[in-house]
Amino acid sequence: MVEVTLKSKRKVKIKLLSVDQVDECKDTPEIIFLQDGTQTIKNVHKAKTAWLRFGIGGGDFEDRNGEKIAINGYVHDDVIMQLSEAEKDELVTAIQDNQFVKKKKP
């Protein structure tokens, strides 16, 4: 697991996803081409939520009573709902960036 600090100063642990999980996240959005030549993308928020559910491994999250939320394999709605849109966007990018195997320097 990798820990990142978001611009908001929130610390979040990021998990390494399986190839199947990455594929599921990448396959969620749909591009729709309309007859007039315009296009739209569906399921953008579903894709963002999938990256967050699969990728968050822990961090600075508290329940409504101020108790630290333990993430035991599944990210509950209470965790995702604490994130601002800016944090979600930043975190999804960090999760995606950390899914590649990095070679150790000699």
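Is Asn43 buried, partly exposed or exposed? In this predicted model, in which local features need pLDDT of at least 70, side-chain atom pairs count only at pLDDT 80 or more, and totals for chains, interfaces and linings use all residues, Asn43 is partly exposed, with a relative accessible area of 22%. Residues are numbered from 1 along each chain as its sequence is written, and side-chain values use heavy atoms, with hydrogens and water left out. Buried stands for under 20% relative accessible area, exposed for over 50%, and partly exposed for values in between (1.4 Å probe, protein chains only).

Asn43 is placed in the loop between β4 (39-42) and α2. Helices (H or I, at least four residues) and strands (E, at least two) are DSSP runs, numbered from the N terminus. The phi of Asn43 is positive, about 70 degrees, although the residue is not a glycine. Lys9, in the loop between β1 (2-5) and β2 (11-14), also has a positive phi, near 80 degrees. Lys9 is exposed, at 63% relative accessibility. Most residues other than glycine have a negative phi.

Side chains of opposite charge can pair when their charged atoms come close. With a salt bridge defined as a side-chain nitrogen of Lys or Arg within 4 Å of a carboxyl oxygen of Asp or Glu, the count comes to six. One of them joins Lys48 and Glu85, with the closest N and O atoms 3.2 Å apart. Lys48 belongs to helix α2 (residues 44-55) and Glu85 to helix α4 (residues 85-97), so this pair ties together parts that are 37 residues apart in sequence. Lys48 is buried at 14% relative accessible area, whereas Glu85 is partly exposed at 42%.

Glu85 also forms a salt bridge with Lys88 (3.3 Å, N to O). Both residues lie in helix α4, three residues apart, about one turn of the helix. Lys88 is buried, with a relative accessible area of 15%. Through shared partners, salt bridges join Lys48, Glu85, Lys88 and Asp89 into one network.

A further salt bridge links the side chains of Asp77 and Arg53 at 2.5 Å, N to O. Asp77 lies in helix α3 and Arg53 in helix α2, so the pair ties together parts that are 24 residues apart in sequence. Asp77 is partly exposed, at 42% relative accessibility.

The side chain of Arg53 is also joined to that of Tyr74 by a polar contact of 3.4 Å. A polar contact is a pair of N or O atoms within 3.5 Å; within protein, one must be able to donate a hydrogen and the other to accept it, and residues adjacent in sequence count only if both atoms are side-chain atoms. Tyr74 is located in the loop between β5 and α3 and is partly exposed, at 44% relative accessibility.

Gln99, in the segment after α4, is buried at 14% relative accessible area. Its side chain reaches the backbone oxygen of Ile95 at 2.9 Å, and a polar atom of the Gln99 side chain lies 3.1 Å from the backbone oxygen of Lys15.
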